[in-house]
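Please read these notes with the structure open beside them. They are numbered so that each point can be checked in turn.

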Protein chains: 4
Amino acid sequence: MYSLRDDYSEGGCPAVMSALSAAAGEQNITYGEDAHCEAAAAKILALCGDPDAEVAFLNGGTQTNLLVISALLRPYESAIAAATGHINVHETGAIEATGHKVCTIPAPEGKLTPELIESVVSAHTDEHMVKPRLVYISDSTELGTVYTKDELAAIRGCCLEHGLYLYLDGARLGAAMTCAENDMELSDIAALTDVFYIGGTKNGALFGEALVMRCPELRRDFRYMVKQRGALTAKGFALGVQFEALFDGGKDSLWFALAAHENEAASRIAAAAAESGYGFTARPQTNQLFVAMPDARAKELSAVFPFHAMGSLPGGRTVARLVTSWAIPVSATDEICAWFSSHPAR
Amino acid sequence: MYSLRDDYSEGGCPAVMSALSAAAGEQNITYGEDAHCEAAAAKILALCGDPDAEVAFLNGGTQTNLLVISALLRPYESAIAAATGHINVHETGAIEATGHKVCTIPAPEGKLTPELIESVVSAHTDEHMVKPRLVYISDSTELGTVYTKDELAAIRGCCLEHGLYLYLDGARLGAAMTCAENDMELSDIAALTDVFYIGGTKNGALFGEALVMRCPELRRDFRYMVKQRGALTAKGFALGVQFEALFDGGKDSLWFALAAHENEAASRIAAAAAESGYGFTARPQTNQLFVAMPDARAKELSAVFPFHAMGSLPGGRTVARLVTSWAIPVSATDEICAWFSSHPAR
Amino acid sequence: MYSLRDDYSEGGCPAVMSALSAAAGEQNITYGEDAHCEAAAAKILALCGDPDAEVAFLNGGTQTNLLVISALLRPYESAIAAATGHINVHETGAIEATGHKVCTIPAPEGKLTPELIESVVSAHTDEHMVKPRLVYISDSTELGTVYTKDELAAIRGCCLEHGLYLYLDGARLGAAMTCAENDMELSDIAALTDVFYIGGTKNGALFGEALVMRCPELRRDFRYMVKQRGALTAKGFALGVQFEALFDGGKDSLWFALAAHENEAASRIAAAAAESGYGFTARPQTNQLFVAMPDARAKELSAVFPFHAMGSLPGGRTVARLVTSWAIPVSATDEICAWFSSHPAR
Amino acid sequence: MYSLRDDYSEGGCPAVMSALSAAAGEQNITYGEDAHCEAAAAKILALCGDPDAEVAFLNGGTQTNLLVISALLRPYESAIAAATGHINVHETGAIEATGHKVCTIPAPEGKLTPELIESVVSAHTDEHMVKPRLVYISDSTELGTVYTKDELAAIRGCCLEHGLYLYLDGARLGAAMTCAENDMELSDIAALTDVFYIGGTKNGALFGEALVMRCPELRRDFRYMVKQRGALTAKGFALGVQFEALFDGGKDSLWFALAAHENEAASRIAAAAAESGYGFTARPQTNQLFVAMPDARAKELSAVFPFHAMGSLPGGRTVARLVTSWAIPVSATDEICAWFSSHPAR
């Protein structure tokens, strides 16, 4: 039995774990003001092409999302998100708990567009309504899809026109940046957003996300915000150590390689499923596959390769979300592909 | 140069790091619903003598404090704390950020008493004022002092009389429970409080605290609270793994041994300082020492053993906070003692 | 020019203003603990048929909504509302500012049903999502429609089944209870909800709403909540004085008569518009009419009878919201009807 | 029996009530965008000597305080207040409910000084603590004392030096500005603060406060803040009408006359009490007197002139707070003076 439930069922990758062990005996400055964090930030900013930006290392995605959004907005301002956006659906109202409304809109393939953003903006006209002030997107999205550079640039233009911050949730940015259809580098992401984060938890770290902050309003006193939300890690050096390991090598860094590996596995599985007649409810682009399966087939698959069912479709079908991780052995991918080949859709 | 700044400048202790590395390749259920968390909780609850309690593993102290307090209080209710309490001074208003006032009162040695608690309660008489509903204490305190069983029982009685929850912040509970003057076991702490946490970050873990929840109101839907505050760790099994290692052995567990070691070091340093004529602004009981030093002496000490100065005293003196950690080598303790012997107070 | 913009452009009705002036020289107990508030509450509770309920007099609707919802919910719990619900659209995120998400669903005619409520409940399955705990409805709705007794009873049954509080926003309850299709009395509203409010601001008061609280969880310490949100009126007796005047006469009270008057005016206008070929985007039932008008006609109307346009329809049409108030003179109604008769839809 | 409990036991003064009644039949623009609010604001700004400032009319003091403070502060910033400050003691944690800590310091006579402010500022050094950003003072204070122009200017200088906003709570500003020791005009208050409010509720209005906002950061989108907190009054014109009546006459306006009247009454009572041997726990300067009375005498007084006891003093004494209002008849003042003359302190 091999789990396809998510991409964070394993601990850190070997390089990360070794680095953590090696550093465990050192005395480091606490709360992220140590040499490891400094070095890791420098590596990341070099890839981002913006040495003036700042990096904050945080423990997890929901924490990062609520920090960024509550730091940037005044009390009556809101975030715009796709209806499928993580902040809308799967964070137990974390943004609202900081006082802010999330204005949502159904978005095909989980991706916002200038038109969708503008339709939200134009519906908010006066002080009886919240004032949209930030656009939240995720890349890859909650449906495994990715933005192209043109799409992101168009969103950016829309944000600039309407005075909106653009924040990109990169929990699975590695998967986005190493997929076949990717046409961006980290420096593009940095140039086209105000703030984004580079996901570690879902790409080889034991825990941790690297928040890249370009806009000065966010950087001002950001550590106060982090502390206040209980998110300032005492042994912050442990975050620096991990990101040093993940970004030791510029464009050849482990962080890219791990993501490429999981995408490759997913791509093979998607091909096998397609060949056996299965369809997808979202275009397979990265390491999350949404496969439409007859209920009986879904049950069979889950007995050997457990996954999360994401709802039902007409005609007695289940949407199976299959997620590959940096840790998936080639042998497991082989077996999953073989299962699909021997279990046709009909 | 050896740092006495705090007890969280090192990573996890060897047993913790080994356990983390060993588990890194496993696939575990996420968000703390895995076998490691279950096993660690069982070990802890056995020591607490309350199998019906529940344990939640969290990343850090401020996060734990704000979660417990905001989960237990209705919007207009407040927490009572010593003026020196961590939630009052050093958490950047984390409790207030969840909407609740902290009612403070100066407390000798950083310890609350029934009299102090009652003076706060009696000052809050009607709906124009907040309603105190929870007492926050820390053990060992922010001044390194500890509560005796009688003192804790008296506070508990006071809380029951006035309908107040009692919450004990155990960031340094290990130090409290292994100091010379301790007369409690974990089962006493559990029996005399509604909720408390067992600090890991400051006692050998890479990160993590174990919150022991006895009161049912807190347990109800607590995971919703955790998720909403961005505190539900994706790879929660990493917390379970660490606490399994720290509590593998009942009353002989590593968690006790590590704390005993740091207390022993502090005790030797305190004796050396006292012999050389230094006084203390708080009674030396655990691994935090508050030594009154002539400014020049403080400067000399900080050049070889850096520490945090905690303010000034009349007569040109500095309060030096010297903290020993689980990782302090005996040789370092020897050197610090030697320094004090060769640098008399006057 | 006579304004049809809303039903709160005038001050208090003559009886209310006289009562306020008469009481202005008295010395009364402050903060709503006076004899006027007590008498007004007794009159209201007699009509509600529940002497054990409690009444709180508050200044306005948004304030009342945020108080009720934030008093009843734990931090991770949410309110369910129609997408058109006032708390979702027109309160600048007031509910979110207290930390709670509003889970919305498109609702025909602005009215929730058990099916709609259940579709929201069933989509929230675990601690990664908020937990719906309260249903918010308004009667009459933001579209001027009303609930029948059967519809409200069905919603109540659904709420009881799913452990949801039912809260009815009665900003325009007077209009609902005096319209032609009404089949409820105040005692029905009380029996079928946990809490509701009787709107004064939009029905003859200078300011004020009477919140009728049946559920004990809400009543507990509610005054603390009110004070904390800045909503405890110093001269609370001014609210009691007004509601005494409005409810002096049981079922023949002024509050009913004023609403009946405004409904009668709206009903005549609706008939005139319909006769001239105009359609409505929501069924005309109370004092808010949503008339679909060719843009040019809308412009003509607004020059003599200003109103708020509520968006555009295909084919160059405007949705004109026409609102009648307790104060509308019969002569004004006559003139508006005459306008429609002389300005056919096409 | 005549109540000395407070200065808001009566309704509005005759001129206010007449104006409200006269305007009740008009149709006005809602939410404070009407001609009455505009006219009242112009009158107030003329007295303030700052035509570029803006006025917002709000319902009550706690509401005003929480709005101003939460609009000016980022989440981790705090307000500095005297320990006796209304926001610290008597608002049920209203400021904390918006997420902000109130940093308090004991202040002689309830008045802050640059030294006291600086002692708070200097204790907050890094991101582990909140960042003080606003100074809250009240004038007259909760103890009835007043600031001189020099004192206020010194505080202003201190605020400018440390980057702190200065906010003056003028719930009883009328009493301050018409007392014997006053040396300021409204234009001085305006020039020396960033924002302050002119209390109406405690000085002749039925309800209402006029917030004078000079700093642009506060004015930006302030109406959004007001609406979000449930404080945007639907019939906002009722506030404008009242302040038109109170400020119709420049420096000879009713608002000054009413306050002068209540001060005059208090002054006579204070003199009578002093002559009979009573002492005061705060210097009698305005319409609030804090008289130290033997418990028995306090009981006798309360039987004929009810008041609020503000605690006990050694030697069996009660602190009686005696408050005169704009409405106190000269005959009542005569009787109270007579009582003191016939009931000596010992």
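1. How are α2(D) and α12(D) oriented to each other? This is a predicted model, and the question concerns two helices of chain D: α2, residues 35-48, and α12, residues 237-246. Their axes cross at roughly 40°. An angle under 35 degrees would count as roughly parallel, and one from 65 to 115 as roughly perpendicular. The two helices are therefore oblique to each other.

2. Two packed helices are described by the angle between their axes and the distance between the axes. For α2(D) and α12(D), the axes come within 7 Å. The crossing of this pair is left-handed.

3. Which residues make the contact between α2(D) and α12(D)? From α2(D) come His36(D), Cys37(D), Ala39(D), Ala40(D), Lys43(D) and Ile44(D). From α12(D) come Phe237(D), Leu239(D), Gly240(D), Val241(D), Phe243(D) and Glu244(D). Sorted by class, the contact has eight nonpolar residues, with two polar and two charged ones.

4. Next, the domains of chain A. The assignment gives domain 1 as 14-250 and domain 2 as 254-342. The C-alpha centres of these two domains of chain A are 27 Å apart. Where they touch, domain 1 of chain A contributes 22 residues and domain 2 of chain A contributes 18 residues.

5. Which helices of chain A each supply at least two residues of the domain 1 side of this contact? They are α8 (173-177) and α12 (237-246). The largest share of that side, four residues, comes from α8(A). By class, the side of domain 1 of chain A that touches domain 2 of chain A has 10 nonpolar, eight polar and four charged residues.

6. Chains A and C also touch. Each of the two gives 16 residues to the contact. On the chain A side, six of these residues are nonpolar, seven are polar and three are charged.

7. How are chains A and B related? A rotation of 180°, with 0.0 Å of shift along its axis, superposes chain A on chain B with an RMSD of 0.0 Å. The two copies are thus related as by a two-fold rotation axis. Of the interface residues of chain A, 100% are interface residues in chain B too, so the copies meet through the same surface.

Technical notes
Residues numbered from 1 in each chain as written. Chains lettered and ligands numbered in written order. Predicted model: local features only at pLDDT ≥ 70, side-chain atom pairs only at ≥ 80, totals over all residues. Contact = placed C-beta atoms within 7 Å. Nonpolar A, V, L, I, M, F, W, Y, C, P; charged D, E, K, R; others polar. Axes fitted to C-alpha atoms, helices over the stretch in contact; angles between N-to-C directions. Parallel < 35°, antiparallel > 145°, perpendicular 65-115°, else oblique. Left-handed = near helix turned anticlockwise from the far one by under 90°. Least-squares fit on C-alpha atoms with pLDDT ≥ 70 in both. Domains from an automatic or database assignment.
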